[in-house]
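Open the model in your viewer and keep the selection panel to hand. This tour goes from charged pairs to helix packing and then to the pockets.

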Amino acid sequence: MAELAAALRPALLRLSRAVRSQRVDVSVSLACLSALGTLRKHGPMSAGDLAAFERVQPPSITRVLASLEQRGLVRREAHPSDKRQAIIVISDAGQELLAAERRSSNAWLARRLAELTPTERALVRDVIPVLDKLAEL
C-alpha cells in the first residue's frame, strides 16, 4: 500500500496544481473560493458553521469573510432565529465567480482529456468513484 500511496500522491498533487492554475481571478484566494463553494453547496450559514465546514479556526474564517464581503461576493443577513448572529449568504457576484472558475477549469480539463485515447478516458471515468471514496473524510 505504501508504494501505491507514494506513486498516487504526487500524481494527484500535480493534477490538482494544474487545475488550480486555470484560475479566472487570482486575486481571490483559494481559501475564499473554498468558502464560496461551501456556501454554494450547503447554503447560508453562520460564520462558525462555515469555519467548521472549512476546518479552520474562527479567526481564519473572519479574515476570509472580510475579503469576500469587501469584494461583494457574500453578504451578512440576520439569523432567522437568533438576532445576535448573522448568516453568511453568497451573492450573485459570488455565484458568478464560482461559475466562471468552474468553466475555466472544466474547459482546460476537457482539452486535456481530449488528448487521451478513448481507453484512457474510460479508465479515468471508471476511477472517479474510487477517488471520491478516497476523498471522503
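A salt bridge here is a side-chain nitrogen of Lys or Arg within 4 Å of a carboxyl oxygen of Asp or Glu. The model is predicted. By that rule it has five salt bridges.

**Stop 1: a salt bridge**

Select Glu101 and Arg23. They form a salt bridge, and their closest N and O atoms are 3.5 Å apart. Glu101 belongs to helix α5, while Arg23 sits in the loop between α1 and α2, so the pair ties together parts that are 78 residues apart in sequence. Side chains of opposite charge can pair when their charged atoms come close.

**Stop 2: α2 against α5**

How many degrees separate the two in their packing angle? The angle is about 110 degrees, and the axes are 10 Å apart. Angles of 65 to 115 degrees count as roughly perpendicular, so α2 and α5 are roughly perpendicular to each other. Now show the side chains at the contact. From α2, pick Leu33, Leu36, Gly37 and Arg40. From α5, pick Gly94, Gln95, Leu97, Leu98, Glu101 and Arg102. Colour the contact by class: four residues are nonpolar, three polar and three charged.

**Stop 3: α1 against α5**

Select Leu15, Ala18 and Val19 in α1; they meet Ser105, Trp108 and Leu109 in α5. By class, this contact has five nonpolar residues, one polar and no charged.

**Stop 4: α3 against α4**

Move to α3 and helix α4, residues 58-70. Their axes come within 9 Å and cross at roughly 105 degrees. α3 and α4 are therefore roughly perpendicular to each other. Pick Ala47, Leu50, Ala51 and Glu54 on the α3 side, then Pro58, Ile61 and Leu65 on the α4 side. Six residues of this contact are nonpolar, none is polar and one is charged.

**Stop 5: the largest pocket**

Rolling a probe the size of a water molecule over the atoms shows where empty space is left. The largest pocket has a volume of about 850 Å³. Its lining has 23 residues, and those closest to the centre are Leu33, Ser34, Gly37, Arg40 and Arg102. α2 gives the most, with eight residues. The lining divides into seven nonpolar, eight polar and eight charged residues.

**Stop 6: the second largest pocket**

Finish at the second largest pocket, which holds about 730 Å³ of space. Of its 18 lining residues, the closest to the centre are Leu15, Leu109, Leu113, Val124 and Leu131. You have already selected Leu15 and Leu109, in the contact of α1 with α5. At least two residues of the lining come from each of α1, α5 and α6 (118-135). Colour by class once again: 14 residues are nonpolar, two are polar and two are charged.

Definitions and conventions:
Residues are numbered from 1 along each chain as its sequence is written. This is a predicted model: local features need pLDDT of at least 70, side-chain atom pairs count only at pLDDT 80 or more; totals for chains, interfaces and linings use all residues. Side-chain values use heavy atoms; hydrogens and water are left out. On a 1 Å grid over the protein atoms alone, a cavity is a set of points where a 1.4 Å probe fits but cannot get out, and a pocket is an open set with protein on both sides within 12 Å along at least five of seven lines; lining residues have an atom within 4 Å of a point. Grid points are joined across faces, edges and corners, and a volume is the space filled by probe spheres set on the points. Helices (H or I, at least four residues) and strands (E, at least two) are DSSP runs, numbered from the N terminus. Ala, Val, Leu, Ile, Met, Phe, Trp, Tyr, Cys and Pro count as nonpolar, Asp, Glu, Lys and Arg as charged, and the others, Gly among them, as polar. Axes are lines fitted to C-alpha atoms, for helices over the stretch in contact, and angles run from 0 to 180 degrees between N-to-C directions. Angles under 35 degrees count as roughly parallel, over 145 as roughly antiparallel, 65 to 115 as roughly perpendicular and the rest as oblique. Contact means heavy atoms within 4.5 Å.
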